[in-house]
Amino acid sequence: MDCTVKMGDADKLRSGCVVVSISAPRRLSPAADRLDKASRGQLRELLKQGDIDTGCGKTTLIHCPRGRIQASRILVVGCGKEKKLSPQAFDKLATAAAGILQSSGTTDALSFLTEIEVRERDLGWKCRQIVLASHNVGYRYDELKSDVKAPKRPLRKLSLASATRDDAGAMRQGVDTGTAIANGMDLARTLGNRPGNLCTPSDLAAQAKALKKTHTKLKVQILDEKDMQQLGMGALLSVSRGSRQPARLIVMQYQGADKQQKPVVLVGKGVTFDSGGISIKPGAAMDEMKFDMCGAASVFGTLSAVAELKLPVNLVGIVPATENLPDGEATKPGDVVTSMSGQTIEVLNTDAEGRLILCDALTYADRFNPDVVIDIATLTGACVVALGKHATGLLGNDQTLVDELLAAGQESGDRTWQLPLWDEYDAQLSSNFADMANIGGRDAGTITAACFLSRFTKDYNWAHLDIAGVAWKSGPQKGATGRPVPLLTQFLMARANHDAS
Ligand code: BES
Ligand code: MN
Ligand code: ZN
């Protein structure tokens, strides 16, 4: 879908559908008021008749409006009673509007939802969120369906509108940001949705090379198992042992700033299928463990967004990619492996494999002389229990970095919530047979997983994002979400702004 900016009045701009807002009980936005006047009071009449629901996120589609209106339809979106909306309410309403536009039969639309006042958010932000909502609603994963039923008349062009000429610059910037993030999310979603047999570690490596073709500022390097052996990545290799698919360590470098500037390093868990290994998982919903590479997918998506926006930052993406399967060669509970850092690990549960591949990738990250390192992983079921499907779990060894990520989550709506990383929890990882065990017992599973990782990140500022709850949806809407690409892109945009000023 193509998104643009248009300046002009709601009644005078030609379009298939013009989108305006009305607050409860009967407060018309400036654009709605113009449409009402140009249609000899049609909107106020419908309001009076009770035909327009002004509840927050409620929509009313009016066909063939009367009078001198250049649009073939009017979509009225309710804003509820509050004078200024919360950012979450705005997202909800933008999504509702996008859903109706998608199925309304119009191929182009003109949105004045930019007029809505949102608490602590500016015009550029509103444009970005409207673009994101439209992309998200329009996303389909149909590359494996033989009989693709494309919507008969899908929305092809969305114009964000304003009557004020001065708004154009901020709006265009919001649209560009939204488009880049949406494209990054699309990539992350598609990689996540792709089944395990078609998205192996080698396929992810090929994907990195494909990304390099579209973005010239990207360098890609692929390490194979021999390279990993040489580097001493015994923890990572202990996971891939049980699989016929060889592991890959994918390294992507984007240089958008001066060479001297220390990079942000993103490390994404890329388990392309997690059966649990010898500590095999129960069968129910095991298919969803194809999503266990969504951390990796978010690294791809964020690199894509950052490159598209040409952000003046240096960014490194590292993806340890492997399957976790049982086999005669597979690592067994009780086995002790030696990580690249030299620390030994007793593998008490082969299903706690994410931390095993991440710890070697985190040790490897140090050679890029990072400013900060952030890992992104569908790491623990416990995180879903703690925070559900709404927030990403956030832990780290540097509160400034954690605060930046909390703020980026608020701003983007792709929210995170901090959990403590105290020494008391770390003690749960003690082992009688090695430097540490790879599990810390039943209690506080998300925290002990992060404690494990923190033993490999002592040399730099580091944060961990547990995206087990947010990376995909289950049930009838089963599919990857593209999170946390908005969070990470926002984080990097804020840094780019800060560094520039
Ligand atoms: N990929 C899973 C975590 C997961 C499970 C995410 C379910 C989303 C939904 C991870 O590799 C795993 O299996 N973790 C174990 C750790 C345990 C053995 C300490 C878990 O969470 O059960
Ligand atoms: Mn597992
Ligand atoms: Zn896993």
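The model is predicted, and local features need pLDDT of at least 70, while side-chain atom pairs count only at pLDDT 80 or more. Residues are numbered from 1 along each chain as its sequence is written, and side-chain values use heavy atoms, with hydrogens and water left out.

Of the 16 residues around ligand 1, those that come nearest are K281, D292, D351, E353 and G381; a residue is near a molecule if one of its heavy atoms lies within 4 Å of it. Several polar contacts (pairs of N or O atoms within 3.5 Å) can be located. A polar backbone atom of G381 lies 2.7 Å from an oxygen atom of ligand 1. The side chain of D292 places an N or O atom 2.9 Å from a nitrogen atom of ligand 1. In D274, a polar side-chain atom is 2.9 Å from an oxygen atom of ligand 1. Taken alone, ligand 1 exposes 510 Å², of which the protein buries 77%; these accessible areas come from the Shrake-Rupley method with a 1.4 Å probe.

Attention now turns to D11. This residue is found in the loop between β1 (2-7) and β2 (18-23), where strands are DSSP runs (E, at least two residues) numbered from the N terminus. D11 is called buried because its relative accessible area is 6%, and buried means under 20%. Between D11 and S39, the C-alpha to C-alpha distance is 8.8 Å, although they are 28 residues apart in sequence.

Methods:
Chains lettered and ligands numbered in written order. Polar contact = N/O pair within 3.5 Å; in protein donor to acceptor, adjacent residues only side chain to side chain. Helix = DSSP H or I, 4+ residues; strand = E, 2+ residues; numbered from the N terminus. Buried < 20%, exposed > 50% of the residue type's maximum accessible area, 1.4 Å probe, protein only.
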